[in-house]
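Please look over the protein chain shown here. The report starts with the contacts of one residue and then turns to the whole chain.

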Amino acid sequence: RRGRFGGRSFFSGRGILVWNTGTQLDYSIWNGTSWSPAQVISAYTGTEPRQIRIASNPLSNEITIVVSDKNKIDRALVWNGSSWGNQVQLDSDGGHNFTDVNVAYEQKTGRAMVVYASGTAGAVGYNLWNGSAWSAAATLSPPAGSNNYAQWTVVAGDPNSNRIVLGVESNGKDAWMNVWSGTAWGLA
């Protein structure tokens with residue numbers, strides 16, 4: 001097994017472990033005493049997973065994962081507390097790195113934000129999951145002078161608001177940050 005990534009359902013207290021078996025995604029649930037038998041995430045339709053990130057909704061049992069596959073295509077899926085679904089393909093370029101995809105939750109609304117490299121102009125794509133549907137894809141442009149596409153992304157939610165901070169390193173070795181206010185991007 002190549003990689004394992006875990007999350008915790010805040011309301012039920014159960015843990016979920018997601019991993020790459022070499023050809024698919026599997027998961028197991030911790031009930032406080034033992035792990036369930038491994039199960040395939042059949043909602044995942046990509047090729048071999050390479051990068052997996054996971055985030056837990058602070059207001060429910062929902063968990064969102066983002067996956068970059070061996071063809072460098074990024075997807076997101078949602079655990080609703082009992083099953084995986086609502087997969088969305090985030091990009092179709094395949095020309096970026098495995099490490100450009102990430103996820104965080106707004107702490108007051110419980111919306112998930114997924115981020116990923118979008119095109120070669122350095123823009124970062126993002127989508128929001130509101131608990132029932134994905135938003136249309138949108139992009140955030142890098143600051144002037146930034147080189148090339150987003151190679152690494154990191155996101156974190158402010159525990160006291162809907163703000164999410166985004167950090168980006170490009171394959172041109174530039175680093176930049178921005179902050180989501182809950183409604184728009186801005187540097188404050």
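This is a predicted model: local features need pLDDT of at least 70, side-chain atom pairs count only at pLDDT 80 or more; totals for chains, interfaces and linings use all residues.

Leu 128 is found in strand E11, which covers residues 124–129.

## Burial

Leu 128 has a relative accessibility of 10%; because this is under the 20% cut-off, Leu 128 counts as buried. For the protein chain, 51% of the 188 residues count as buried.

## Fold and dimensions

The protein chain has 16 strands and 0 helices. Its radius of gyration is 16 Å, close to the 16 Å that the globule rule gives for 188 residues, so the chain is as compact as a globular protein of that length. Along the principal axes, the C-alpha atoms fill a box of roughly 50 × 35 × 25 Å.

Among contacts in the protein chain with a separation of 6 or more, 43% are between residues 24 or more positions apart.

## Surface and charge

The protein chain exposes about 8,500 Å², and carbon and sulfur atoms supply 49% of that area.

There are 14 positive and 12 negative side chains in the protein chain. The centres of these two sets lie 7 Å apart.

How values were computed: Residues are numbered from 1 along each chain as its sequence is written. Side-chain values use heavy atoms; hydrogens and water are left out. Helices (H or I, at least four residues) and strands (E, at least two) are DSSP runs, numbered from the N terminus. The radius of gyration is taken over C-alpha atoms; the globule rule is 2.2 Å times the number of residues to the power 0.38. Buried means under 20% relative accessible area, exposed over 50%, partly exposed in between (1.4 Å probe, protein chains only). Contact means heavy atoms within 4.5 Å. Accessible areas come from the Shrake-Rupley method with a 1.4 Å probe; for residues, only the protein chains shown count as cover. Lys and Arg count as positive and Asp and Glu as negative; His and the chain ends are not counted. The place of a charge is taken as NZ of Lys, CZ of Arg, CG of Asp or CD of Glu.
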